[in-house]
Amino acid sequence: MSRNIAVLGKGSLFTAVCRFLRERGFAPLTLEQLADHDVCAVVDVNPGVDGQKRQQLQLAEARISPQTPIYTSTLHRTATEIASWLSVPERVVGFSPLGLEQFPVLEVACPLQAEEVKGWDQHLRLAESWGKQVERVGDQPGLVFPRILSLLVNEAAFALSEGISSKEEIDTAMKKGTNFPFGPLEWADRVGIEQIAAVLEGMQREWGDDRYRPAPLLKKMIYAGYVGIAAGRGFYHYQDAKLGG
């Protein structure tokens, strides 16, 4: 069986997923390399806020066998919507790439097109081979942990921009009050502020509820390129920790 996995996307999540796969003995490939190599899976970490996600998935599907599973980030869109773009929708596994390196649990979602397909669960063996405890959750933008985290970050960003408290005070209060390992703004810098905004926009798009509206501060930071540790700056500065794209 091939140990090659095509990884679609860019930025900090792309870098983190490639590193995660290499550490587990897999060989990450780019979309361009698919033409010359067999793969055991495609892992897509594009958030889906523009047309790039759909375009890359369709290009990848044209270069792989019908049995090859496609793991796709459902931070911004549902697995069902993403599966509708493809000719073999039952191969799709929605998942959350946030915290892939840190957390023992991997959230996955089954698209509606595959709910009655016998053998869909076999696609989850790949995630289990990564040493993950796989938890199937409802097919909604953001799934569970990213949804809750994004709402915490958004409220913290509103509080910061309204001058209610400093970033250090907000993070300290949350860490001491909830026993979280990181404060919401620290966590946003770690997972990428653009990913947080993608989850919020996906939920607002899905349900039309204004409570999911991203704080203006988050949008300004994305425009400025201050998206977290990978950029060298987010809510905090990381001059010596820049990871590159």
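Helices here are DSSP runs of H or I with at least four residues, numbered from the N terminus; Glu 81 lies in one of them, helix α3 (residues 79-83). The model is predicted. The domain assignment of the chain gives domain 1, covering 4-136, and domain 2, covering 144-231.

**Sheet and packed helices**

- An open sheet is formed by seven strands, ordered β2-β1-β3-β4-β5-β6-β7, and the pairing is mixed.
- Strands β2 (27-29) and β7 (133-136) are the edge strands, each pairing on one side only.
- On average, and with direction ignored, neighbouring strands of this sheet are turned by 30° against each other.
- Strands of a sheet pair through backbone hydrogen bonds, in either a parallel or an antiparallel manner.
- Strand β1 (residues 4-8) and strand β3 (residues 41-44) run parallel and are joined by four bridges.
- Ile 5 has Ala 41, in β3, as its bridge partner.
- Helix α1 (residues 11-23) packs on the sheet and touches β1, β2 and β3. The direction of helix α1 makes about 170° with that of β1.
- Helix α2 (residues 52-61) also packs on the sheet, where it touches β1, β3 and β4 (70-73). The direction of helix α2 makes about 175° with that of β4.

**Interface between the domains**

- The centres of domain 1 and domain 2, taken over C-alpha atoms, are separated by 25 Å.
- Contact between the two domains involves 13 residues of domain 1 and 14 residues of domain 2.
- The size of an interface is often given as the accessible area lost when the parts come together.
- Between them, domain 1 and domain 2 bury about 1,300 Å², with 59% of this area on carbon and sulfur atoms.
- Within domain 1, the residues that lose the most area to domain 2 are Leu 75, His 76 and Leu 98, which together account for 40% of what that side buries.
- The rule finds five residue pairs in polar contact across the interface of domain 1 and domain 2, both residues being at pLDDT 80 or more.
- One salt bridge is found by the rule across the interface of domain 1 and domain 2.

**Contacts of Glu 81**

- Glu 81 forms a salt bridge with Arg 205, and the closest N and O atoms are 2.8 Å apart.
- The side chains of Glu 81 and Arg 205 are also joined by a polar contact of 2.8 Å.
- Glu 81 and Asp 139 are 58 residues apart in sequence, and their C-alpha atoms are 9.8 Å apart in space.

Methods. Residues numbered from 1 in each chain as written. Predicted model: local features only at pLDDT ≥ 70, side-chain atom pairs only at ≥ 80, totals over all residues. Heavy atoms only, no water. Pairing = 2+ DSSP bridges. Helix = DSSP H or I, 4+ residues; strand = E, 2+ residues; numbered from the N terminus. Axes fitted to C-alpha atoms, helices over the stretch in contact; angles between N-to-C directions. Contact = heavy atoms within 4.5 Å. Domains from an automatic or database assignment. Buried area = accessible area lost by both parts, 1.4 Å probe. Salt bridge = Lys/Arg side-chain N within 4 Å of Asp/Glu carboxyl O. Polar contact = N/O pair within 3.5 Å; in protein donor to acceptor, adjacent residues only side chain to side chain.
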